[in-house]
Structure formats: structure tokens, C-alpha cells
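Biologist: I'd like to learn how to read a protein fold. Could you walk me through one, feature by feature?

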Amino acid sequence: MRIVLIGHESDRAGLRALLAGRGIEIIAEALTLSEGRAMASEADALIIANPQVEAAAEQLTPRELEVLELLAEGLSNSAIATRLSISEHTVKFHVSSICGKLGADNRTDAVRRGVRLGLITL
């Protein structure tokens with residue numbers, strides 16, 4: 001995935017660190033959204049650096065990231081439980097925790113926010 005990072009330098013630096021090693025290529029950086037849009041012809045996404053959301057995303061555990069990836073695949077709680085060899089109750093707990101940490105209203109919103117943060121790709 002090729003992205004353009006948008007925001008203040010210090011905020012972008014935090015997001016760069018968060019995205020390191022996740023297979024995401026930062027092709028440009030900009031201070032404002034309008035500058036970012038001008039640079040986005042070759043990008044798959046524009047990512048706005050938001051330190052509050054980044055801090056929440058950094059708190060996701062490796063298991064929560066696995067669950068978020070499987071949510072992005074459209075799997076049900078039951079299917080996620082089977083895939084990860086955990087109970088459906090544990091999946092529900094992880095989904096709730098993910099939503100809380102990302103400030104998401106539901107599992108679809110969690111996936112959307114995960115994609116925007118570069119935590120997962122579709």
C-alpha cells in the first residue's frame with residue numbers, strides 16, 4: 001500500500017514509527033490535506049496523522065491486530081474463533097477492546113479506522 005502522510009511533522013514522525021515494518025510505503029508527506037491531495041496521484045490512501053488515535057492504535061495487542069485483520073476479511077465471530085482456536089466469547093471481548101481503543105462505534109468502523117491508520121490493508 002502506498003500512502004501520503006498528512007499533518008504536523010511531529011505527528012507524522014509518530015505515525016511513521018507506528019507504520020514501520022508493516023509493508024506500507026510512504027510516498028509523500030504534507031502539512032495540510034490540500035497539499036496531500038496534490039501529491040496523491042500515485043497513492044492508495046491519504047493518512048492524516050492524529051496523535052490521539054495513534055496512541056490508541058499503539059495499545060492494540062498482537063492478538064487484537066490478528067482479530068482486526070480477520071474482521072477486515074469479513075469473518076464472523078464464530079469463524080474468527082475457529083481460525084484462532086479461541087472461544088467466541090474471547091473474540092467478542094477482543095472486538096470490544098479493539099473498538100474501545102480505536103474509538104470505533106462497531107466492527108465495521110474499527111476496520112475503517114484500522115485501514116486509515118495503516119494497521120491493516122484490504
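Predicted model: local features only at pLDDT ≥ 70, side-chain atom pairs only at ≥ 80, totals over all residues.

Biologist: Okay, in what order do the three strands of the open sheet come?

Modeller: The order is β2-β1-β3, and the pairing is parallel. At the edges sit β2 (25-30) and β3 (45-48), each with pairing on one side only. From one strand to the next, the twist averages 30°.

Biologist: How many bridges join β1 and β3?

Modeller: Four bridges, in the parallel sense, with β1 covering residues 2-6. For a spot to look at, find I3: it stands opposite A45 in β3.

Biologist: And which strands does helix α1 touch?

Modeller: Helix α1 (residues 9-19) packs on the sheet and touches β1, β2 and β3. Its direction makes about 150° with that of β1.

Biologist: Now helices against helices. At what angle do α5 and α6 pack?

Modeller: Here you compare the directions of the two axes. Helix α5 (residues 77-84) and helix α6 (residues 88-102) pack at about 110°, their axes 8 Å apart. Angles of 65 to 115 degrees count as roughly perpendicular, so α5 is roughly perpendicular to α6.

Biologist: Which residues meet there?

Modeller: From α5 you have N77, S78, I80 and A81, and they meet E88, V91, K92 and V95 of α6. Sorted by class, this contact has four nonpolar, two polar and two charged residues.

Biologist: Let's take S78 from α5. Why does it count as partly exposed?

Modeller: Buried means under 20% relative accessible area and exposed means over 50%, with partly exposed in between. S78 has 37% relative accessibility, so it counts as partly exposed.

Biologist: What about the inside? How many residues does the largest nonpolar core have?

Modeller: A nonpolar core is a set of buried nonpolar residues joined through side-chain atoms. The largest one here has 22 residues, and L68 and I80 have the most contacts inside it. Helices α4 (62-72), α5, α6 and α7 (107-117) each supply at least two residues of this core.

Biologist: Which residues does L68 contact?

Modeller: Leaving aside neighbours within four places in sequence, L68 is in contact with L60, I98, L102, A110, V111, G114, L119 and I120. Apart from that core lies another, of eight residues, including I3, L15, L19 and A49.

Methods:
Residues numbered from 1 in each chain as written. Heavy atoms only, no water. Axes fitted to C-alpha atoms, helices over the stretch in contact; angles between N-to-C directions. Parallel < 35°, antiparallel > 145°, perpendicular 65-115°, else oblique. Contact = heavy atoms within 4.5 Å. Nonpolar A, V, L, I, M, F, W, Y, C, P; charged D, E, K, R; others polar. Pairing = 2+ DSSP bridges. Core = buried A, V, L, I, M, F, W, Y, C linked by side-chain atoms within 4.5 Å. Buried < 20%, exposed > 50% of the residue type's maximum accessible area, 1.4 Å probe, protein only.
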